[in-house]
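I opened this notebook to keep track of what I looked up, one topic at a time. The entries follow the order in which I went through the model.

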Amino acid sequence: MALLTPLLAFLYHLPQVYKWLLKPYYVASLFMSVAFLMIRKTPGICEHLSTQREDGNPCDFDWREVEILMFLSAIVMMKNRRAITVEQHVGNIILFSKVANVILFFRLDIRMGLLYLTLCIVFLMTCKPPLYMGPEYIKYFSDKTIDDELERDNRVTWIVEFFANWSPECQSFAAVYADLSLKYNCAGLKFGKVDIGRYGDVSKKYKVSTSPLSKQLPSLLLFQGGKEVMRRPQVDKKCRAVSWSFTEENIIREFNLNELYQKSKKLNKSKGDWSDKINESQFPPLHEEEEPEVDAQVEETETKKDK
């Protein structure tokens with residue numbers, strides 16, 4: 001079952017995955033993930049490699065390499081059980097494949113291991129996964145705008161994501177959060193984001209740690225009347241995040257989005273009715289039966305002037 005779930009998710013999102021694979025970041029990552037496999041199986045190259053196989057065939061895996069690859073598969077399956085998007089599934093496969101390649105290359109030849117490790121470090125420093133660029137109803141805050149916007153109207157409920165661009169979890173969650181904003185955004189319920197990797201003062205004020213060890217990225221905070229009502233993930237006494245899965249179902253349930261959305265729509269309707277009443281009281285309509293009295297008064301004044 002652990003194998004079928006990511007496989008079915010991959011097949012369902014295959015057209016979208018195909019578009020990702022055409023991007024330079026994923027093309028380079030896939031080549032680096034299968035680097036050892038290509039070298040071990042490519043004729044003309046594999047003949048010059050060392051091997052511990054009993055038959056002396058250098059173009060096939062030995063028993064230790066098979067063990068490392070099986071261990072890699074087990075780790076990927078365990079990590080993908082908590083993955084919520086296809087990006088996370090693919091990211092986990094690429095990450096642990098690179099780790100396995102480093103071990104395999106060092107075991108094969110220390111020079112090849114150092115070369116591959118150097119390539120991985122350079123790739124990590126120079127290439128970043130493509131950011132989500134799809135449709136969304138999200139307002140992006142800075143350190144100077146977040147407080148004013150949250151306190152502008154006490155009747156507006158805000159759900160704000162605290163994120164950092166360098167965090168793979170935040171990048172994977174971007175599509176889920178954007179989809180929620182498209183479904184639930186209205187005048188009384190709004191969605192926002194703030195990059196606390198860039199604005200450190202916001203991170204300190206709202207007590208969201210940017211340390212990878214704290215596992216607080218991303219964090220979702222619910223604000224009502226400008227004050228924080230709840231957050232996910234929760235933080236324990238040691239300032240570490242309690243494990244929580246950022247699936248769309250969990251967010252809808254924990255934040256009561258359906259109920260908030262219905263209340264926000266009723267609030268908007270009542271605000272509209274109230275504004276109509278105010279307009280009517282300021283500018284009362286002119287009734288037809290009042291018009292003859294006005295005309296009579298005008299005629300009376302004109303007659304007095306003639307006299």
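**Ground rules.** I am working with a predicted model, in which local features need pLDDT of at least 70 and side-chain atom pairs count only at pLDDT 80 or more, while totals for chains, interfaces and linings use all residues. Residues are numbered from 1 along each chain as its sequence is written, and side-chain values use heavy atoms, with hydrogens and water left out.

**Whole chain.** I noted 13 helices and 5 strands in the protein chain, where helices (H or I, at least four residues) and strands (E, at least two) are DSSP runs numbered from the N terminus. Of the 307 residues, 36% are buried; buried stands for under 20% relative accessible area, exposed for over 50%, and partly exposed for what is in between, with a 1.4 Å probe and protein chains only.

**Sheet.** I then asked in what order the strands form the sheet. The 5 strands form an open sheet in the order β1-β3-β2-β4-β5, with mixed pairing; two strands count as paired if DSSP finds at least two bridges between them. Because β1 (138-141) and β5 (227-232) stand at the edges with a single partner strand each, one side of each is left without a neighbour in the sheet. I read an average twist of 30 degrees from one strand to the next, with axes being lines fitted to C-alpha atoms (for helices over the stretch in contact) and angles running from 0 to 180 degrees between N-to-C directions.

Looking at one pair, I found that β2 (residues 157-163) and β4 (residues 219-224) run antiparallel over 6 bridges, and that W158 stands opposite F223 in β4. Helix α9 (residues 168-184) packs on this sheet and touches β1, β2, β3 (189-195) and β4, its direction making about 160 degrees with that of β3; contact here means heavy atoms within 4.5 Å.

Leaving aside neighbours within four places in sequence, L72 is in contact with F96, S97 and A100.

**A buried glutamate.** Is E248 buried or exposed? E248, in helix α11 (residues 248-254), is buried because its relative accessible area is 19%. Apart from residues up to four places away in sequence, E248 touches V176, D179, L180 and K183.

**Backbone.** Most residues other than glycine have a negative phi, and most peptide bonds are trans. I listed two cis peptide bonds, one joining L217 and P218 with omega about -5 degrees, the other joining R232 and P233 with omega about 0 degrees. P218 lies in the loop between α10 (200-205) and β4, whereas P233 lies in the loop between β5 and α11. K215, which is not a glycine, has a positive phi of about 60 degrees; K215 is found in the loop between α10 and β4 and is exposed, with a relative accessible area of 65%.
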